[in-house]
Amino acid sequence: MSLASALSTAQSIFNNSGTQASVVSKNIANAQNPDYVRRSALVVTGGNGAMIGEIARAGNSPLMRQTIESTSIAVGQRTLLNGVSEIKSLMGGNNNEFSPAVLIANFRTNLDAFSAKANDSGIGIAVISGARDLATALNTASDKLQLIRKDADDQIKQNVNDLNSLLAKFEVANNRVKNASATGADANDALDERDALVKKISEIVGVTSYTRGDNNDMVLYTTDGVTLFEAVPRKVTFEATIGYDASTVGNGVYIDGVLLKAGDGASTTAKGSLQAHLQLRDKIAPTFQNQLDEIARGLITAFAETGPTGTLTPKTGLFTFRDTSGVQQSDVPPVGTIVPGLASRILVNPVVVPPGGSPDKLRDGGINGGPYVVNTGGSSYGALLDKYNENLSNPMAFDSRTEISDAPNLISLTADSMGWLEQIRSTATSSDETKTALLTRTLEVFSSTTGVSLDEELSLLLDIEQSYKAGTKLLSTIDEMMEALLAMAS
């Protein structure tokens, strides 16, 4: 080997070691960065010996696609579970102490006691108090349920804003990738940034990606096939609703002019938080509201006054309601038909509420005047109270929009309503555990394949150090030989 050749080899060693050390250092510095993909300095043989051919990025497209999909699925399920859990909390703690089922059971206990001791005014007052607790619980649950829908609507608006912002950033990152790829520059940092943005987008809406051409241009679609990005971002639009009541229908989300579907089922089909919020706002919360409204209608019907012969026009009795303008009503709602928001407007008739009213009117009838008086036999008669109690378990028809319309009576409806909500929560919980486990496993595999292993990088750094030492030794030998030649020449 000539001195010139040896000197060239030493220079190549130093150049390669420097580049490799720089790459390894960058890997180590980003070991905790989940959006960083490991780099490798690939050494190839050239005309002047070994040289760095390229800085390769340890990307894995199939795993990246699986990570994106798993993220969308897990985020959608967790978003739905959080919403359902919030609805469930309206019913109280583990004992569901604020649920209509529990409150009606307590109310019936007092009603039985009042029937047995119909002359005990103290028990009568307890009955009215229990009825007011029941009406207040329905009012509160209904009002808070609409606040949950409003919060979901606000979250949808925020998601849409975030999605448009991410798509704008994606355009910048995608252009950086294309420019670097077209000019032969290092595109790895831009690729990391672009992939990180795709992951964030997948948390909001299900997304699939396609890379085309020699310049690594990427196109994004929703999982339903709607274009999210192709050369430029597609517009995502949504008009928020100022306030919600039971009759309010929320606005839809449009991607490139196409309506985004809401998720479906307790193990939701929602991919990303957007579809889950839509499902919560437009499906689960309204269905539970329908159930509360039908429970309210059932209570009003069960305690309606029909007079001593049962033939007079039914009028609201113990339980009545206000219309949307706040005026108290006396007509009983139609059979088997939801009155939107009735649960938020049900109340106990002031005629029976002490001190201005008297519980005796519940026992005797006559809340709607003399013709509706039933008990004229004295304060010890509880037959009318027994009739009201029986009405709670007598056959009653319910609207199919409750999704539990096959309930035979009001007592069954209240129990089925809690069962319906608990079933959704339970299924959503187990699905969340499964989908989260899948995401965790996918992220582990993706990280082990594309992420940085400190042990491997430190080991490689030692190898680079040895290579550098070999270069310095070679250079030292060349220096000694040059000195010997100069000494011989002199």
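Started with helix 5, which is mostly covered, with 13 of its 17 residues buried. I kept in mind that this is a predicted model. I then checked the span of helix 5, residues 188-204: from first C-alpha to last I get 25 Å, close to the 24 Å expected at 1.5 Å a residue.

**Helix 2 against helix 10**

Next I wanted the packing of one helix pair. Two packed helices are described by the angle between their axes and the distance between the axes. For helix 2 (residues 61-89) and helix 10 (residues 410-450), I read an angle of about 155 degrees and axes 8 Å apart. Helix 2 is therefore roughly antiparallel to helix 10, since angles over 145 degrees count that way. I also looked up the handedness, and the crossing of helix 2 and helix 10 is left-handed. What sort of residues make up the contact of helix 2 with helix 10? I noted 16 nonpolar, eleven polar and six charged ones.

**N159**

I went to N159 next and found it in helix 4, which covers residues 121-183. Is N159 buried or exposed? Its relative accessible area is 8%, so I logged N159 as buried, the cut-off being under 20%.

Then the hairpins. Strand 4 (residues 217-222) and strand 5 (residues 227-230) run antiparallel and are joined by two bridges. Across that pairing, I found Y221 opposite T227 of strand 5. The hairpin of strands 4 and 5 has four residues between the strands, and there G225 takes a positive phi near 90 degrees.

Strand 5 is also joined to strand 6 (residues 232-233), again antiparallel and through two bridges. How many residues lie between strand 5 and strand 6 in their hairpin? I count one, and A231 in the turn has a positive phi of about 75 degrees. E230 has V232 of strand 6 as its bridge partner.

Last stop was the open sheet, where three strands come in the order 7-8-9 with antiparallel pairing. Which strands sit at the edges? I have strand 7 (236-237) and strand 9 (258-259), each pairing on one side only. Strand 8, residues 254-255, pairs with strand 9 over two bridges in the antiparallel sense.

How values were computed:
Residues are numbered from 1 along each chain as its sequence is written. This is a predicted model: local features need pLDDT of at least 70, side-chain atom pairs count only at pLDDT 80 or more; totals for chains, interfaces and linings use all residues. Side-chain values use heavy atoms; hydrogens and water are left out. Axes are lines fitted to C-alpha atoms, for helices over the stretch in contact, and angles run from 0 to 180 degrees between N-to-C directions. Angles under 35 degrees count as roughly parallel, over 145 as roughly antiparallel, 65 to 115 as roughly perpendicular and the rest as oblique. A crossing is left-handed if the near helix is turned anticlockwise from the far one by less than a right angle, and right-handed if clockwise. Ala, Val, Leu, Ile, Met, Phe, Trp, Tyr, Cys and Pro count as nonpolar, Asp, Glu, Lys and Arg as charged, and the others, Gly among them, as polar. The expected span of a helix is 1.5 Å times one less than its number of residues. Buried means under 20% relative accessible area, exposed over 50%, partly exposed in between (1.4 Å probe, protein chains only). Two strands pair if DSSP finds at least two bridges between them.
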